[in-house]
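Please read these notes with the model open beside you. They go from the contact between two chains to a few elements of one chain.

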Amino acid sequence: MADSANLIAHLLRRAGFGVGSDEMVVFADLSYAQAVDRLLNYDAIPDSVDSKIGQPGFLGTTSRGAFSPNTVPDDARQRWLFRMVHSQRPLQEKMTLFWHNYFATGYSKVAGVVGPANATRLMAAKASDDPVKQRGQIELFRDYALGNLRDLLIQVTIDPAMLIWLDGDTNTKAQPQENFGRELMELFSRGVGYYTESDVYAAARVFTGVNLTYNSNDVKNPNTSFTWIYRPNQHETSAKTFSFPIYAGGGKTIPARSASVGTQDGVDLITALANHPETARRVAAKLYHFFVSETIAPDPAFIDQLGLVYLQNGTAIKPVLQALFMSPQFQDESTFFTRYAWPVEYVVRAIKEVGWTGFSAGSTLSPLISMGQELLEPPNVAGWVLGQSWFSTGAMLARMNFGSALAGNQQFRIATAAAGARSSPQALVDFLTSRLTADVDPGVYADLVSYASAGGVWTGSDTQLRTKGAGIVHLILGSAGYQFV
Amino acid sequence: MSITRRTFIKNGVAAFTVTLAVPRFLSDLARAQGAVSRNLIVLDLSGGNDGLSMLVPYTDPFYYSRRPTLGIPAGTVLPIGSDSSGKPLGLHPKLAGLKDIFNQGRLALIQRVGYENSSRSHFFGTDIWSTANPANSTGSGWVGRYLSTLTPPLDPLVAWNTTGDTPHALQSPSVAVASIPSVSRYAFASPTGGSEATLERAAATSIASHVPVDKPQVAFVSTTVQSALATLDQVAAVGQYKPSVAYPNNGFGQALQAIAGAMVKGTGTKVFWVQTGGFDTHASQDTTADNGAYVKLMVTLNDGLTALYNDLKNQGLLSDTLLLSFSEFGRRITENGSRGTDHGAASVMLAMGGGVRGGLFGTAANLSTDPQNPTLENSGGDVHYETDFRSAYAKVIDNWLGGDSVAVLGGNFRKSGLDFV
């Protein structure tokens, strides 16, 4: 069993974005169980991270004109990255990222309909800062980060960005739109193999008339309000029969009902889907792969156990995560540093461990695209392809080159921090390999020392500390061992 | 000459090398069986391409009755003759460049390609097309398996992917694939530069040489770093390529330019992968207006492929090149209420190149809504496949790449008459 500090560091890499200097202080005196409790029960901690944006001592931002995270997509991305680096509620941001991948919605399609500013609002607006209190989808995920999936599914169904993304906006009685109904079953609940084509037709009909309303003459005006609307005259009222049970008694048919109460169709279907054992197992497996291991197949009994927690708690996610983090599987030391880091996890952890003062979240945006993960722009509704797929040669070079840019930007700070380690190349390597929580094996260690010693006599001068310090950080960030959380 | 292609290959190429009056396609084949690098470009039209808007059955009344807003007027399509069933067909009005290539006999269109019980899921469908295995689509890709049959040592750029992620089709049990979404960014940076950069690159190379057997994930990434570092200099040379024609300034055009550059610079690449997306046209598909969604897709496709064709022709490399396109599924025949089309079944594949025997392969569907219509499935909703997609793969593997399709595809999918290459 790992010691408590190592276990908490593991917890913070998986349930957060790594261990920054601030987290070291906060978590230093906590037991593992207390650390889990702090991460899960974050409501007790003020959600004040956004107030730090623009203040000295924090990660910077770069924008043309005023920083406008509600209306400019790159600013929205920077705000989110800033939160990942500095939030005192790291699990909230981590689960927001999880849901963004789970309900993967792409900014560009939304922008094609409502323009860039309003697409940013629908994706990421913080309601309290919006002229008409529009809440973006990412904020919805933050609000429901550990909430229950059944309620989140209902919210997602009527989320304006989703209504555009999966064409619910155009789902009418005369011509039902299948896109949302299909993905609701395939990706958001039961999964491939657990629905039929006739279920797709039925699900499309369930959501007929659940559309989006806004002033179409003012679609690009950033004061325009976008909201879901139910149009009874566009709802197909006949009965809808599925291949799986919808009701507790085993009934598979949503009854024909009057158009005035037609939204009940969707509530019935979603409630059934959220509570299906297949959904429970699928969600449990997704959380297992995200938090525990994507390479070691889970013990089916463990997935059943997590699925049971989910079902017994009304589809709530928090108790599932409590059970997961406290499980022996999560705490197994052999799984430390074995999950392939997503690009944003890699970038945020590197910033937290190397340093951020004088660095801008804006400097991560282009590299993240090259690494294969542009926030708010997943490749399709199935989200990003995880694991080994992050590691093409081009994407790996992008990681290495980001490591170079960050190390170059921070070289004076690295040298200052390493001033006490100037006695020898080994001392400098020792200092930096402990500052960065990498899994450095002896062969890699020897290569780092060899690099530090190469190119001239070691003097320990400030210049040498800057050059070799930045070079070592670059090499560690670009090494295979650093690509895991 | 009545010799068939099969006996030609079986007998080998030597008998023909002294013959001067060889038909063009034979000389191409002869070249390929020598040391000349023959390559394959796989083009992924991702999202599910609406084959009926690309290759239009403009005399089928059901095409117009089922697509009241999306039907492309007969007077605007680019007619390319009739298929073997006598059905006249025309290309989308924006595919003028492809029509020229068709007229030169270097573009084949294979109609109604798909498989039994076609998946309507993007992800499942893509996996099936990638693995060539509808029964179990989780393993290695068909291109990756082909690469594994090549005799080592292989050039580090034997497979060149122009997208950011390694596509499932290229995932190989043994061969590393280089992913080069941007030639100019495919470089090794250094915080300090100069001689320090040289030291860092040497150190990075050494670090990547450690492949811990007890940590398979770390070993995998180390191998990726090795491949990246081993391919840097060749890719930089490709960045110097000056094409003979202007490629469109979009992602697809630039990817095709990189491919031509790699061929000209002689990187030894056997398989290229290129992708252009946006084909998931559930809403506002608009097949006719200049800024219509599907029109823009066709412009991108036409302009990119035409530039590639002309550039390679100018470079004398056309006969080494075969481009094969696919999409994870076609689209539903009847348009939906959003003036778009939902997920369907069979669709069209394109094959283009100097060794292609151009023309229309397969027969068009009859779009009659009769539920018993044998050319359709799903109660007349979707186009039923006529040619198994693995038959197209088999032809490419056997006749173009010189591989063994039975071994690569795990079965005999060879189909007589499908002689597009």
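**Notes on the interface and on chain B**

1. A:Asp439 and B:Lys215 form a salt bridge, with their closest N and O atoms 3.1 Å apart. The term means a side-chain nitrogen of Lys or Arg within 4 Å of a carboxyl oxygen of Asp or Glu. The rule finds four salt bridges across the interface of chain B and chain A.

2. A word on the source: this is a predicted model, in which local features need pLDDT of at least 70 and side-chain atom pairs count only at pLDDT 80 or more, while totals for chains, interfaces and linings use all residues. Residues are numbered from 1 along each chain as its sequence is written, chains are lettered from A and ligands numbered from 1 in the order in which they are written, and side-chain values use heavy atoms, leaving out hydrogens and water.

3. How many residues does each chain bring to the contact? Chain B brings 51 and chain A brings 56, where contact means heavy atoms within 4.5 Å. Together the two chains bury about 4300 Å², with 59% of it on carbon and sulfur atoms. Buried area here is the accessible area (1.4 Å probe) that two parts lose on being put together, summed over both. Of the area that chain B buries against chain A, 15% comes from B:Phe123, B:Ile207 and B:Gln217, more than from any other three residues.

4. Between chain B and chain A, 28 residue pairs are in polar contact (both at pLDDT 80 or more). A polar contact is a pair of N or O atoms within 3.5 Å; within protein, one must be able to donate a hydrogen and the other to accept it, and residues adjacent in sequence count only if both atoms are side-chain atoms. On the side of chain B that touches chain A, two or more residues each come from helix H6 (122–131), strand S7 (178–179), helix H8 (194–208) and helix H9 (216–238) of chain B. H9(B) gives the most, with 11 residues. Helices (H or I, at least four residues) and strands (E, at least two) are DSSP runs, numbered from the N terminus.

5. Is A:Glu178 buried or exposed? A:Glu178 is buried, with a relative accessible area of 7%; buried means under 20%, exposed over 50%, and partly exposed in between (1.4 Å probe, protein chains only). The residue sits in the loop between helix H9 (160–165) and helix H10 (179–186) of chain A. Leaving aside neighbours within four places in sequence, the contacts of A:Glu178 include B:Arg332 and B:Asp342.

6. H6(B) is mostly covered, as seven of its 10 residues are buried. Among them are B:Phe123 and B:Trp129. The cover over the buried residues includes H10 of chain A.

7. In strand S1 (residues 39–45) of chain B, seven of the seven residues are buried, so the strand is largely enclosed by the rest of the structure. S1(B) pairs in the parallel sense with strand S9 (residues 321–326) of chain B over six bridges, and B:Asn39 has B:Thr321 as its bridge partner there. Six bridges also join S1(B) to strand S8 (residues 271–276) of chain B, again running parallel, with B:Leu45 opposite B:Thr276. Two strands pair if DSSP finds at least two bridges between them.

8. An open sheet of three strands in chain B has the order S2-S4-S3, with antiparallel pairing. Strand S2 (55–56) and strand S3 (78–82) stand at the edges, each with a single partner strand, so one side of each is left without a neighbour in the sheet.
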